[in-house]
Amino acid sequence: MLEVTPDNKLKRLIVVGDRVLIKPKNPVDQTPTGLYLPPTVTEKEQVQSGYVIKVGPGFPIPAPIEDESWKETEEKVKYMPLQAQEGDVAIYVQRNAIEVMYNNEQYVIVPQSAILMLERVEDLFH
């Protein structure tokens, strides 16, 4: 799995909104019986999996409207965080993915709504 480290350039990327940057796993190009599949077959698969590299801040939450216009208000945007976290394995719908190349590596950007399931390595019950 590829991680965001101080010496790589992935830390410079900022994912926007409810989007998730995923490094796709290498597709299986051979069936269990030994038949090799052409790349066009594996590209058209509906569901893919990959490693979550970076996540956006989440869904913006609208600020409450103040009735007292004389008060000074700060326009700080608040976000509802996403369920996906860096390091998760995501199962996502391929048709919603946008493929991007960065530093000669292939990634996909998907909205959180395209993610069907996440696998998290850490123990959730501690």
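**The charged pairs and their surroundings**

Modeller: Let's begin with Arg-19, which counts as partly exposed because its relative accessibility is 37%. Please keep in mind that this is a predicted model. The partner of Arg-19 is Asp-18, and the two form a salt bridge whose closest N and O atoms are 3.0 Å apart. Asp-18 itself is buried, as its relative accessible area is 15%, and the cut-off for buried is under 20%. The general idea is a simple one: side chains of opposite charge can pair when their charged atoms come close.

How many salt bridges does the count come to? The answer is three, so let's visit the others.

Next come Glu-105 and Lys-23, whose side chains meet in a salt bridge at 2.7 Å, N to O. Glu-105 belongs to strand β7 and Lys-23 to strand β1, so this pair ties together parts that are 82 residues apart in sequence. Glu-105 is partly exposed, at 33% relative accessible area, while Lys-23 counts as buried, at 18%.

Strand β2 covers residues 47-55 and pairs with β1 in the antiparallel sense, over five bridges. On to β5: five bridges join this strand to β2, and the two run antiparallel.

The remaining charged pair is Arg-120 with Asp-88, where the closest N and O atoms are 2.7 Å apart. Here too, distant parts of the chain are linked: Arg-120 sits in the segment after β8, and Asp-88 in the loop between β4 (78-80) and β5, 32 residues apart. Is Asp-88 buried or exposed? It is buried, with a relative accessible area of 2%, whereas Arg-120 counts as partly exposed at 26%.

Now for the nonpolar side of the picture. In soluble globular proteins, nonpolar side chains tend to be buried together. In this model the largest nonpolar core has 12 residues, among them Val-20, Ile-22, Ala-90, Tyr-92, Val-108 and Val-110. The elements that give two or more residues to this core are β1 (19-24), β5 (89-93) and β7 (105-111). A second, separate core has six residues, including Leu-10, Leu-21, Ile-53 and Tyr-102. Ala-114, another member of the largest core, touches Ile-91, Tyr-92, Val-93 and Asn-96, leaving aside residues up to four places away in sequence.

Some nonpolar residues are found on the surface instead. Val-47, Leu-116 and Met-117 form a nonpolar patch there, with about 300 Å² of accessible area together. Met-117 lies in strand β8 (residues 115-119) and is exposed, at 52% relative accessible area.

Let's finish in the loop between β6 (98-102) and β7, the place of Asn-103. Asn-103 has a positive phi, near 50 degrees, although it is a residue other than glycine. Asn-104 is in the loop between β6 and β7 as well, and its phi is also positive, at about 60 degrees. Asn-103 counts as partly exposed at 46%, and Asn-104 is exposed at 73%.

Notes:
Residues are numbered from 1 along each chain as its sequence is written. This is a predicted model: local features need pLDDT of at least 70, side-chain atom pairs count only at pLDDT 80 or more; totals for chains, interfaces and linings use all residues. Side-chain values use heavy atoms; hydrogens and water are left out. A nonpolar core is a set of buried Ala, Val, Leu, Ile, Met, Phe, Trp, Tyr and Cys residues joined through side-chain atoms within 4.5 Å. Buried means under 20% relative accessible area, exposed over 50%, partly exposed in between (1.4 Å probe, protein chains only). Helices (H or I, at least four residues) and strands (E, at least two) are DSSP runs, numbered from the N terminus. Contact means heavy atoms within 4.5 Å. Patches are made of residues with over 30% relative accessible area and no salt bridge: like charges are joined within 9 Å, nonpolar side chains (Val, Leu, Ile, Met, Phe, Trp, Tyr) within 5 Å. Accessible areas come from the Shrake-Rupley method with a 1.4 Å probe; for residues, only the protein chains shown count as cover. A salt bridge is a side-chain nitrogen of Lys or Arg within 4 Å of a carboxyl oxygen of Asp or Glu. Two strands pair if DSSP finds at least two bridges between them.
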